[in-house]
Amino acid sequence: MSATGLEELQALEQRYLMQTYRRAPVEFVRGEGTLLWDSEGKEYLDFLAGISVCTVGHCHPAVVEAVREQVGRLMHVSNLFYTEPMVRLAERLCGSGLGGRVFLTNSGTEANECAIKIARKHAHARGVENPEIVSFERDFHGRTYGALAATPKMAENEALGPMLPGFRAVPLNDVGALRDAVDESTAAVLIEPIQGESGIYPVSEEALLAARQACDEVGALLILDEIQTGMGRTGSLWAYEQTAVRPDLLTSAKALGGGLPVGACLATAEAGEVLEPGDHGSTFAGGAVASAAALAVLDLVEDPELLRGVREKGAVLREGLLALDGVAEVRGRGLMLGVGLAPELDAAALGEDLLRRGLIVNVPEPSTLRLLPPLTVDSAQIERAVGLIGASLLSYAGR
Ligand code: PLP
């Protein structure tokens, strides 16, 4: 139980917080692994994991211990000095695939801002006067102005304008449009390997290869936004590892800190040399506590057994979902799944019903349930979640 009742919390939230979020009427007070408990003591299976943040489960003992140890010793000194967790995290991330260097951030959108800055500076060095960044329609890259401009759907909001110039979008997986859009003025192609926020829509291997090739032809950078797909979510540390394409820049956040705010822009050797003193910075970035948490999360997520488990459990979950009446398709990879519902079904109503039944899912669009359980979810919990979705679909059909 919490000291303040839910109704009072809702009234206070409405009075004091800017009204930018629509929250479900639940107050959570405790989490462990895949489970959450609300202020009434009700238990929930969490198949959203804080939108793919609590990837090693809620309050994993190794992460809690790493944070506890660091927070009691040293919290913050700024980037005017050295701390070991920051440097070790950078070393670890560089070793995870692209070599090169890394810029640490506090969030996903900031990791993308860093990548956009690098791409523009890299293009200017090629003699490009007005560099352009190409993304896919319905991509999501964040809410700060650079990342927002690369998020076509939200960049349409004229009330927030003017938008940053130098961004354009082509339809998802339209290889011809992508090739046409990339020319000498292109600084980068910035895409998610699997679109997350828009409803779990994978980029085809063909489109990924075309993006890589088009960038190589004009000297532009390929930036993969792995903020949602990364950190083991698809069954490899980074989603790109399961493709034939290697990016120049990769952005990470969400699961990287296991619940603490930390992000990173990873770069190849060449792209990692672009930024120079004064070009970029952030007071909190690379903070000792967030870095200690990220190191503990990486220890867990880089375990090949865990990654194999993600692929196996993902296959079981997909199979279970596809067997349910009312499920038209299942998109995605590993434990990043979008459940496409039959057209007569309303995903929002289903999502609310599932929450009442004790299963947390997300509804990114009217026809899709998005499932992003912790990678540590067990078989019994997967079975229970499939059962709950099946029961909800059945009750919906009976209405
Ligand atoms: N990029 C992708 C693919 C995301 O899914 C998100 C968040 O949902 C972001 C960027 C923005 O990250 P943040 O909310 O940490 O700024």
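Which are the buried residues of helix 11? Here are some notes for you on this predicted model.

1. Ground rules: residues are numbered from 1 along each chain as its sequence is written, and side-chain values use heavy atoms, without hydrogens and water. As this is a predicted model, local features need pLDDT of at least 70 and side-chain atom pairs pLDDT 80 or more, while totals for chains, interfaces and linings use all residues.

2. Back to helix 11: Leu306, Leu307, Gly309, Val310, Lys313, Gly314, Leu317, Gly320 and Leu321 are its buried residues (buried: under 20% relative accessible area; exposed: over 50%; 1.4 Å probe, protein chains only). They sit on the same side of the helix, because their arc around the axis is only 145 degrees (taken from the directions from the helix axis to the C-beta atoms). Pro304, Val316 and Glu319 are exposed on the face turned away from that buried side.

3. At the start of helix 11, Asp303 brings a side-chain oxygen to within 2.9 Å of the backbone nitrogen of Glu305.

4. Next, the open sheet: four strands in the order 13-14-17-16, with antiparallel pairing (strands, E, of at least two residues, and helices, H or I, of at least four, are DSSP runs numbered from the N terminus; two strands pair if DSSP finds at least two bridges between them). Strand 13 (327-333) and strand 16 (362-365) are at the edges, each with a single partner strand, so one side of each has no neighbour in the sheet.

5. In the antiparallel pairing of strand 14 and strand 17, which has four bridges, Gly340 has Thr368 as its bridge partner.

Methods:
Polar contact = N/O pair within 3.5 Å; in protein donor to acceptor, adjacent residues only side chain to side chain.
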